[in-house]
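Subject: Structure handover

Hello,

Here is the structure for your files. Please have it open while you read; my notes follow below.

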Amino acid sequence: MNDIDRIKDCWSVPDNWKVQVVGDNMEVFDSEDEHVITAMTRINIIEKINEHIEAQQNWVAIKLMEATLKEPIEA
């Protein structure tokens, strides 16, 4: 089930309001086409979290390699 369907399941969208996905974001407009809110889609949030975790893991790996190069471990 996509994000739009999940929102519709838990929130009664007024008949004349619009919910649409634009790029990585979900946007809600009222009956007068006024912008109500923009939010990241759930899939995009998960991707951003995973990118952050991967970046942190890469940073730790780089720091460990730098430490090893500065103080080589003798076999």
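**The sheet and its hairpins**

β2 and β3 form a hairpin with five residues between them. In that turn, Asp33 has a positive phi of about 60°. Helices (H or I, at least four residues) and strands (E, at least two) are DSSP runs, numbered from the N terminus.

Before the rest, the ground rules. This is a predicted model, in which local features need pLDDT of at least 70 and side-chain atom pairs count only at pLDDT 80 or more, while totals for chains, interfaces and linings use all residues. Numbering starts from 1 along each chain as its sequence is written, and side-chain values use heavy atoms, with hydrogens and water left out.

β2 covers residues 25–29 and runs antiparallel to β3, with five bridges joining the two. Two strands count as paired if DSSP finds at least two bridges between them. Val28 stands opposite Ile37 in β3. Glu27 has Thr38 of β3 as its bridge partner.

The other hairpin is made by β1 and β2, with two residues between the strands. Gly23 takes a positive phi near 65° there. Five bridges join β1 to β2, again antiparallel. Val22 is bridged to Asn25 in β2.

Put together, this gives an open sheet of three strands in the order β1-β2-β3, with antiparallel pairing. β1 (18–22) and β3 (35–40) are at the edges with a single partner strand each, so one side of each has no neighbour in the sheet. From one strand to the next, the twist averages 20°. The angles are between N-to-C directions, from 0 to 180 degrees, and the axes are lines fitted to C-alpha atoms, for helices over the stretch in contact.

Is β2 enclosed or open? Four of its five residues are buried, so β2 is largely enclosed by the rest of the structure. Buried means under 20% relative accessible area, exposed over 50%, and partly exposed in between (1.4 Å probe, protein chains only).

**Charges and rings**

How many salt bridges does a search of the whole structure find? Two. The criterion is a side-chain nitrogen of Lys or Arg within 4 Å of a carboxyl oxygen of Asp or Glu.

One joins Lys18 and Asp33, with the closest N and O atoms 2.9 Å apart. Lys18 lies in strand β1 and Asp33 in the loop between β2 and β3, so the pair ties together parts 15 residues apart in sequence. Lys18 is partly exposed at 36% relative accessibility. Asp33 is partly exposed too, at 47%.

Lys18 also lies over the face of Phe29, 5.6 Å from the ring centre. The rule for a charge over a ring: NZ of Lys or CZ of Arg within 6 Å of the ring centre and within 35 degrees of the ring normal.

The salt bridge between Glu66 and Lys63 has an N to O distance of 3.4 Å. These two residues are three apart in helix α2 (residues 42–70), so about one helical turn separates Glu66 and Lys63. Glu66 is partly exposed at 33% relative accessibility, and Lys63 is partly exposed at 36%.

Best regards
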